[in-house]
Amino acid sequence: MDRYFFPETSRVGLPPRGWIEVICGSMFSGKTEELIRRLNRARIARQRVEIFKPMIDTRYSAEDVVSHDAKAIRCTPVSSPGNILLMTGDVDVIGIDEAQFFDMSLIDVCNSLANQGVRVIVAGLDMDFTGKPFGPIPSLMATCEHVTKVQAICMRCGNLALYSHRTTESNELVLLGETESYEPLCRSCFNLEHKK
Ligand SMILES: [Zn+2]
């Protein structure tokens, strides 16, 4: 069993201390589900939890990122990572969803929060649709304590998928509200597609 799926267990009985967890992977790999799972467990432990996401991501309503039971976790859209610092007075755990859309200042923000004793859980795409490292996620992976890379299932062959292949012609890096324009592909199916 991957002990990083249960990072909280390493802290039981010890004084609170901050750290950073990154949950990365392609589209449809279950990053947000894993983020919510960890935040729900923190809530069960009676910790104060907040979720932030970039304002650019308008695909989901605030409710969609939170759990479905009655005690919803507040999800706040912010225009820049600096706003997260301003809006977190008294929290134990901070979740950040769709973090690839934030600028590179996210790395400093996450590290200052962790230095202040906050557990920071960041979920985001590690690669763009061309297979290149995406935004602040790769640097966060280098500077965090725990990385969990989740994988989708390849739409062509059923193997594990790590790429978010774009099925439309647009070359824009950020294509929002268009999840139907992507399919998860494994390495060999992605390479086949790019040889065409
Ligand atoms: Zn495949």
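Q: In this predicted model, which elements do the buried residues of helix H3 pack against?
A: The partners of these buried residues include two helices, H2 (81–87) and H4 (137–143). The strands in contact with them are S1 (19–25), S4 (93–96) and S5 (119–125).

Q: Where on H3 do its buried residues lie, given the arc they fall within?
A: Helix H3 spans residues 105–115, and its buried residues are Leu106, Ile107, Val109, Cys110, Leu113 and Ala114. Viewed down the helix axis, they fall within an arc of 165°. They therefore line one face of the helix.

Q: Which element gives the largest share of the largest nonpolar core?
A: This core has 33 residues, and Cys110 is among those with the most contacts inside it. Elements giving two or more residues include H1 (31–44), S2 (49–54) and H3. The largest share is six residues, and it comes from H3.

Q: Which residues is Val122 in contact with, leaving aside its neighbours within four places in sequence?
A: Val122 is one of the residues with the most contacts inside the largest core. Its contacts beyond those neighbours are Ile20, Val22, Ile96, Ala99, Cys110 and Leu140.

Q: Is Gly131 buried, partly exposed or exposed?
A: Gly131 sits in the loop between S5 and H4. A buried residue needs 20 or more C-beta neighbours within 10 Å, an exposed one 12 or fewer. Gly131 has 17 inside 10 Å, so it counts as partly exposed.

Q: Which residues is Gly131 in contact with, leaving aside its neighbours within four places in sequence?
A: A second, separate core of nine residues includes Tyr163 and Phe190. The contacts of Gly131 beyond those neighbours are Tyr163 and Phe190.

Definitions and conventions. Residues are numbered from 1 along each chain as its sequence is written. This is a predicted model: local features need pLDDT of at least 70, side-chain atom pairs count only at pLDDT 80 or more; totals for chains, interfaces and linings use all residues. Helices (H or I, at least four residues) and strands (E, at least two) are DSSP runs, numbered from the N terminus. The arc is that of the directions from the helix axis to the C-beta atoms. Two residues are in contact if their C-beta atoms, placed from the backbone, lie within 7 Å. A nonpolar core is a set of buried Ala, Val, Leu, Ile, Met, Phe, Trp, Tyr and Cys residues joined through C-beta atoms within 7 Å.
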